[in-house]
Amino acid sequence: RELAKALEAELKPVFAMAEDWADGDLSDFLVGHKVKSGFGWTMLAGLPFAGTPVMSVSRIRQEAALADRVRHMVLHQKESGLRALERLEAIRSDVRKDAALAWALEEPPPLPANAPYPTIPKAIPALAKSFVVTYLWFLLPLLVAMLIYGALTGAMTAWDTLSSSLSLPHKLWALLQDAWTGLSWLLWALLSFATPLLLVAGVLYCRLRKLEAADWVSDLAPDRKTAREILARENHSPQNHMVSITVLKPGLTRKVTIRLAFWIVGTLCRLQFRPGHLAEIDTIHFARWVQLPGTRDIVFFSNYDGSWESYLEDFITRAHEGLTAVWSNTVGFPRSANLFQEGATDGERFKRYARRSMVPTAFWYSAYPALTTSNIRSNAVLRRGLAAAMTEQDAQLFLAQFGSAERPESKLETTEIQSLVFGGLGFKPFGLMMAVKFGGPDATQTERASAWLRGILDDVAFGDGRRLKNPAVATLALGPDALPRLGLAPEACTTFPAAFLEGMADPARRRLLGDVADDWRWSAQNTDDAVLLVYGDSATSVSALRRKLAKLTKAHGHRISVTIPLQPIPEDRRERKE
């Protein structure tokens, strides 16, 4: 009703086109069309998901503003040997001076606790209870009646035995026989209840496997015009929006299995995963599947962080079982097995299916478009630390929210990963960028490109950059056209992510990366194959390595197309920025 009141002028013309619209009160019309979605027999099939549960819009906005203020305070503190707790107390003192931030020093409401069941075996009792309550509720009166009848019959038999004239040993023996009879009745009642269910489950499973073997799998590509419309709407902010419409496969079996899929995914999320997480995926603001009333149309819509490609890759690599369980019930989905298996693991076919099912979104709403779920969670942690940190260790954790934490030990093969991945090499304050264009397509191109790569490797820095001894080092980035020229088979090149193959000059990628300035140097016409980023202790050491790399590049028949000097990094840390 609040929505109708606030947006009546905008919404009324839309709903006035509904065939059952009577020119009356919009709020009554909306309330009259509410439907309850879920996974029970009497509900409309559906599943909702909230990525930041318990966090109200006003709280999220307040904590974001607080984080900006406190971040400014931390970055402009003069580091004069203060301990972490002393730095925190200084920040608290500044916050107290601002009456508008008084709420920030009161301990906030707790966030939802982590899931209580870490493994599926421990979750089985809760799953069994949920299954009975969700799907077998109409049989519970029968089971209860059978158990009550058995208990009363056993009690009456025991009373007759105790009232008889038998001797005490014979009475005890008779009571044991009565107890065994009662236990047998209980087991019979439970078996009578469970056996038909197991038979139904067996028939359903066999029917599902037969349908899965015969399912039609679509290899149709997305419509190019529609895809362009969707891409034009993506990557305008840290958040994106997705709307997908698919069709439920016909038949009773799929009506049952999609509800079971929704129940399993929803219940395991509650029992196993951290609140707001799907497995390890933590970039979803909200998501919802719902079957439109009176149709077989399944609508999926979601607000999420990052690009569409990364969103789907997260599901393919981290939560493909749940995704397959739901969408395998719809027409054209990649071939699945046992409801949960295969399916979305066929990544490229699944992406085509997902993109083809999407429709352009005319508009969508976000209450805080500049915030990611990671921002929201870290802001909540920051607020709690500001209000409640009492020890030196707590204060260190608080300051770590601003990038003060040391990089933890890991099992990465650091000797095979370029140093720039581990940090910005800010301790080498001078730098430049060199774009390289490989020589023309001739028989020796691959040999010359490979020789150039071998030649520059001695100056490319790997591992933790702080251990680098050279006065200047290089980082190498390769474009998609460089890979076949270095000898990688063309069919292998096509398997790289679309973001890499399209390049950062693509309009959708430019918006995602924030490269939207008019004077941005990269363009769609750029055909460079590689970029060398040179970092050094001094301008002299950078120039020396530049000359060496340029000479090596020319010697192998390639050329430097452009050289761009990088801004020296200021010594004053407060003046540093990306």
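Biologist: What order do the five strands of the open sheet come in, and how do they pair?

Modeller: The order is E1-E2-E4-E5-E3, and the pairing is mixed. Strands here are DSSP runs (E, at least two residues), helices are runs of H or I with at least four, and both are numbered from the N terminus. Two strands pair if DSSP finds at least two bridges between them.

Biologist: Before we go on, what sort of model is this?

Modeller: It's a predicted model: local features need pLDDT of at least 70, side-chain atom pairs count only at pLDDT 80 or more, and totals for chains, interfaces and linings use all residues. Residues are numbered from 1 along each chain as its sequence is written, and side-chain values use heavy atoms, with hydrogens and water left out.

Biologist: What about the hairpin of E4 and E5, how many residues are between the strands?

Modeller: Five, and Gly294 in that hairpin takes a positive phi near 75°.

Biologist: Why is E5 described as largely enclosed?

Modeller: Seven of the nine residues of E5 (residues 297-305) are buried, so the rest of the structure largely encloses it. Buried means under 20% relative accessible area, exposed means over 50%, and partly exposed is in between, with a 1.4 Å probe and protein chains only.

Biologist: Which helix lies across E3, E4 and E5?

Modeller: H11, running at about 110° to E5. Angles go from 0 to 180 degrees between N-to-C directions, using axes fitted to C-alpha atoms, for helices over the stretch in contact. Contact means heavy atoms within 4.5 Å.

Biologist: How many residues are in the largest nonpolar core?

Modeller: There are 37, and those touching the most other members are Met242, Ile284, Trp289, Tyr311, Phe315, Trp327 and Phe350. A nonpolar core is a set of buried Ala, Val, Leu, Ile, Met, Phe, Trp, Tyr and Cys residues joined through side-chain atoms within 4.5 Å. Among the elements giving it two or more residues are E4, E5 and helix H11 (308-318).

Biologist: What does Trp327 touch?

Modeller: Not counting residues up to four places away in sequence, Trp327 touches Met242, Ser244, Thr246, Trp289, Phe300, Phe333, Phe350 and Tyr353. There's also a second, separate core of 20 residues, including Val74 and Leu382.

Biologist: New topic. How many disulfides are there?

Modeller: Zero, searching the whole structure. A disulfide here is a pair of cysteine sulfur atoms within 2.5 Å.

Biologist: Is Cys206 buried or exposed? And Cys493, buried or exposed?

Modeller: Cys206 is exposed at 53% relative accessible area, while Cys493 is buried at 9%.

Biologist: What's the order of the four-strand open sheet?

Modeller: E9-E10-E8-E11, with antiparallel pairing. Strands E9 (472-478) and E11 (559-565) are at the edges with a single partner strand each, so one side of each has no neighbour in the sheet. From one strand to the next, the twist averages 20°.

Biologist: How many bridges join E8 to E10?

Modeller: Seven, between residues 430-437 and 530-536; Ala435 has Val531 in E10 as its bridge partner. Helix H21 (residues 539-555) lies across E8, E9, E10 and E11, at about 10° to E8.

Biologist: Last one: where is Asp20, and what does its side chain contact?

Modeller: Asp20 is in the loop between helix H2 (8-15) and helix H3 (26-32), and is partly exposed at 46%. Its side chain makes a polar contact with the side chain of His33 at 2.6 Å. A polar contact is a pair of N or O atoms within 3.5 Å; within protein, one must be able to donate a hydrogen and the other to accept it, and residues adjacent in sequence count only if both atoms are side-chain atoms.
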